[in-house]
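Good morning, colleagues. I would ask you to look at the sequence and the structure together as I go through several places in them.

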Amino acid sequence: MKRVVSSANLSPATRINAHPNFRMNARMNANLNLIPFAVAILLVFTLLVSTQTSRAQSAVNGYVTDATTGETLIGASVGFPEINRGASSNTFGYYSITDLRAGTYTLQASFIGYQTLRREITLGMNETLRLDLALTPSGVELEEVVVTSEEEKEEQRDIGRAQITTKLIKEVPAVIEPDLFRSVQLLPGVASASDFSSGLYIRGGSPDQTLILLDETTVYNPSHFFGFFSTFNPDAVKDVRLYKGGYPAEYGGRIGSVLSVYNKDGNRNRRQGTVSLGLLASRASVEGPVGEGSYMLAVRRSTLEPLLAALRQSTSNVPDLFYFYDINGKITQDLSDRDRLSVAFYAGNDNVKFPFLSDAEIRLDYGNQTVSSQYRRIFSETLFGFFTLTGSRYFNKPRFDIAGTPFQRDNDIFDFSLKADFEYLPSAKHTLSTGLWAGNMTLKFLDQFDGRVTFTDRIQSQYLSVYAQDRWTPTDRWIVNGGVRLNHFSEGNYTRIAPRFSVEHRPAETIRLQAAYGRFHQFLTLITNEAFSGFDLWLTTDEGVSPAYGDQFVLGTKTIPFRGYALDAEVYYRTMRNLFELNPFIVDPSGLDYAEIFRFGKGYAYGFELFAEKQSGRLTGFVGYTFGVTRRQFPGFNTPVLDRPGEARFYPPKYDRAHDISVVLTYRLSGQWSASAVWNYNTGQAYTQPLGRTQFPNAPWDPEDLDSFTVGRLNNSRLPDYHRLDLAFARRGNFFGIGEAEWQIQLINAYSRRNIWFYNYDFDENPVERTDVTLLPVLPSVSYTVQF
Amino acid sequence: MPRPSLQTFIASLFLLLILLFTAGCSLYPQDNYTELVVVESYLITGEPLAEVRISRTLPVFEEYSFEKAALNDANVVITEISPTGDLLQTHLYEAKEPGIYTPADPSVRVKPSTRYNLSVTFDNRDEEIRATTTTPAQIQIVNEIPEIIQYQSEEQFTLLVDPGSYSEDVLSGMDGQETQHGEEAQHGQSTTTSTAPNVTFIINTIAQDTLLENLTPFYRNLYDEVEDIEFSELQVNSSGLLNEANFGRNTDGLIELQYPWLAVVFLGQNEVVIHSVDENTNLFLRSQSVQLGGSTLPPGEIPNITYRVDGGIGIFGSSATDTARIQVQFFPG
């Protein structure tokens, strides 16, 4: 079962494909076998719809929007306090409250940062009232206390959930550009690998265990500058929802967490825009009404060229070319008051051309492109549906030409899918959801060395998942959410069922007790490097490479100790089984079976998270604390130095840390000035302390001595604790009467803490010399933003 | 429903926090340094039995020299084992210099496709070291080598390598290797029953005219720009481990190896030495490169090397080699 592949190939293409027709038929059969299951779920759902829609009750529904921009608001709270009934707007800003008796009520709608809207309405017998609600943003007066109710963050405080606002992303200090991932890393339970990596390590999971969605479309490499920061432009982002764990059945495909980003629809009332100039990157956006809807376009580009030109005056090793850009766009149209269509796209690219020495050049070119088209329809006051076509492309194309020897790789992922989701409210106590996600993923590889194609292949894999879930509210003190997700992946012909369950009890108005359990599966694995994500490669399951899976158990409580404050805590435990990842000891995988390039292991993680937030007043912000433990075990790895492969021990990965504290504060000094501070502390990262050394001076193929360490347990020591303070000052003003303007001055690592990334050991020195490789020094920056 | 005390609730949360905080201490204790016996020996087919170096590890931040680490008073024996496990020959070793042991009979040559056992015991230590290698089949460069090779010309220099062959008995005793199916050896040894399994190569280019002006432009610039590079280091350019599958076999069973221009450091006379290495060497070198940072592991995550030595650490490896001599010069004009 051998197949020849190139040394650079790490692809699933090594799989045996002696009978391609048979394999294709097997895959198609497997997919066809799932179709009855999917149809059955949808039929049951339709049946429920048909039996329930004739129910004679009054209802109210509609969109919740921002009054100034017309932008839909996700997670806004709408309800009737006098009868203790309410709902939250869904991801399309739509709400629906059913099973209401005829009468006159006071409808109340609220959302963080907006004035609470109250309106008296009268419902007739069997009347369904379409009522779109426009909320007015709160002003910025001093001492302002934004009116909040405990319902306001209702959905946002579901178990395992966390929310990041675009306001926070833009306010907190950030290197080069305001960054979504860097802001998410401040939340409890989310860790970063280093100052140089925006990768999300959530509750002990590696970055590939988090599903990243942009407008429902999978993004495979959400990074710029080879991982330094993320691709999401804060000018384009409307809403970010992070499911750290125990996520519901509507999501799947990753054993860890989900980060779902929604871009803005655009201002429906007037044209507006922003221009922001920074030292290293700048951005611009425009949005406005068009037809029966809106549009939004946001572009961003690095502006390193002046810096590179200055560096060229003093040193020769400066890239000829080094830039990134990204473009986000969206257009939304109302086809009727029940139908809305939107088309969104994203394109991002990083490009480096770096000639070095004589006769050598490196070119790196990588990026993502996504496109999605969403159609939303209100079938009735109790049935809401949305359908999404998605396309996602990831590519990286490194090229090297050294001393007349060229080598290059072309790696592409094309992922096209169809999603259909339905939300149905058969009664006031139930919210049923169901949907499917079917797609075709193509992975293409082409490796060339010295002018010869050493490997080329094209892998196609189909996937299908269906889910059904019910959010049941038996009383106003209990919420039960149960669901099941069925996943099928054609590479290896794997079908997996994943149950999900959560329950919430409210013993008092200010306390919510929560618990969740779920099983999760993953059919992909990512080959990446913490220090550099420009060559990321995704691999899939196949025969002999089973999907990873894990169970998650979460207990949580959400409290409101005082008005305007929140105190949340969660405890989690999760398992990770059948983790498949590239075996790091395979330096040349050519000629190996596909399954032979992997190692298969397991792991677990547990921890405790505390989140205290002050939501109103001059001083706002939060303190997050995480206690976490994560461990991995792979056969033959981390064994005692005298070869005993059967004694593989669990070890902490580098990003494991016991304690992690983030303090994020914003203080409004005056109507014009505000200051923000972020302080982060965490236990030093794990590293392996070498214990002994030796030399092998006699290798017949190498005139140099081969040095080696002996080590004990892997990652058995800790780097010095990490801590860093970042400051930002903002001054609002006016730009020649054209629009509002803001200067932002930042100081990253304000007290110049020389945090250590890792230790380097220099064998050229005798005895061996250890040097510190440090993270970011003090970095000042300034930016100017005009909003017109 | 009675309202629980929020203060009590929050106090409980903090109590839980403190418990977890305490529980988090010393979850993964550090090991202490342990001194280990180190062996190093590489058998090369057709060559006399190789010397065996025996030493001990030293604490990592202690000054290292082989003389300081060398272990004397060792009893070193290499035995030749038949494919069925029978002892064929015993080769005794004697101390030559501190830590260096050589065969008592220097005329004994290493055979290809043969299993050898290494045994080391000490008069003054408890360790007993055991290791085994199966020498690779004898490889051979079979094509005509052009007299002069034009550097970076369009027509690249190619080597045709006969990977040799093993008897089925030897193959059955080898770990982790498979034969090429459906192919018969055309150029192997007379006892052939199967072509050699997938071969792992190391290709060295050893310059014979190591003059500064002979450096190719890339390496000349590298030498000028990079402070750490010693001129003597440039004489031997090693490819690292390369699986045969990078090149593929022709229908006649020969491996067609296209020689990259990157391998040429000096113009003039060069020796191209092809090593076919055994599984011990393969594992050792792969894991050594990972230990020094050449993998997907994050920086600072340092695993031990895979040694395949019982009772100690080190390498008891073997290889088969063949050499081509080439003359490289700039393309005229």
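In which sense do strand E32 and strand E33 of chain A pair, and over how many bridges? The model before us is a predicted one, and in it strand E32, residues 524-529, and strand E33, residues 532-540, pair in the antiparallel sense. Five bridges link these two strands of chain A. Together E32(A) and E33(A) make a hairpin, with two residues between them. Within this pair, A:Asn529 has A:Phe532 of E33(A) standing opposite.

Let me turn now to the meeting of the two chains. On the side of chain B, 82 residues are in contact with chain A, and on the side of chain A the number is 80. Which element of chain B gives the most to the side that touches chain A? The answer is helix H1 of chain B, residues 6-23, with eight residues. By residue class, the side of chain B that touches chain A holds 45 nonpolar, 24 polar and 13 charged residues.

Strands also join the two chains. Strand E41 of chain A, residues 690-696, runs antiparallel to strand E3 of chain B, residues 58-59, and two bridges join them. In E3(B), B:Pro59 is the bridge partner of A:Gly692.

I come next to the backbone of chain A, beginning with a peptide bond. Is the bond from A:Asn766 to A:Pro767 cis or trans? That bond is cis, and its omega is near 5°. A:Pro767 lies in the loop that comes between strand E46 (756-762) and strand E47 (769-774) of chain A.

For A:Asp99, phi is near 60°, which is positive in a residue other than glycine. A:Asp99 belongs to strand E4 of chain A, residues 94-100. This residue is partly exposed, because 15 other C-beta atoms are found within 10 Å.

A:Phe736 has a positive phi as well, near 45°, and is likewise a residue other than glycine. Where is A:Phe736 placed? Its place is the loop between strand E44 (722-735) and strand E45 (739-748) of chain A. Is A:Phe736 buried or exposed? A:Phe736 is exposed, because there are 7 other C-beta atoms within 10 Å.

With that I conclude, and I thank you for your attention.

Key
Residues are numbered from 1 along each chain as its sequence is written. Chains are lettered from A and ligands numbered from 1 in the order in which they are written. This is a predicted model: local features need pLDDT of at least 70, side-chain atom pairs count only at pLDDT 80 or more; totals for chains, interfaces and linings use all residues. Helices (H or I, at least four residues) and strands (E, at least two) are DSSP runs, numbered from the N terminus. A residue is buried if 20 or more other C-beta atoms lie within 10 Å of its own, exposed if 12 or fewer, and partly exposed in between; C-beta atoms are placed from the backbone. Two residues are in contact if their C-beta atoms, placed from the backbone, lie within 7 Å. Ala, Val, Leu, Ile, Met, Phe, Trp, Tyr, Cys and Pro count as nonpolar, Asp, Glu, Lys and Arg as charged, and the others, Gly among them, as polar. Two strands pair if DSSP finds at least two bridges between them.
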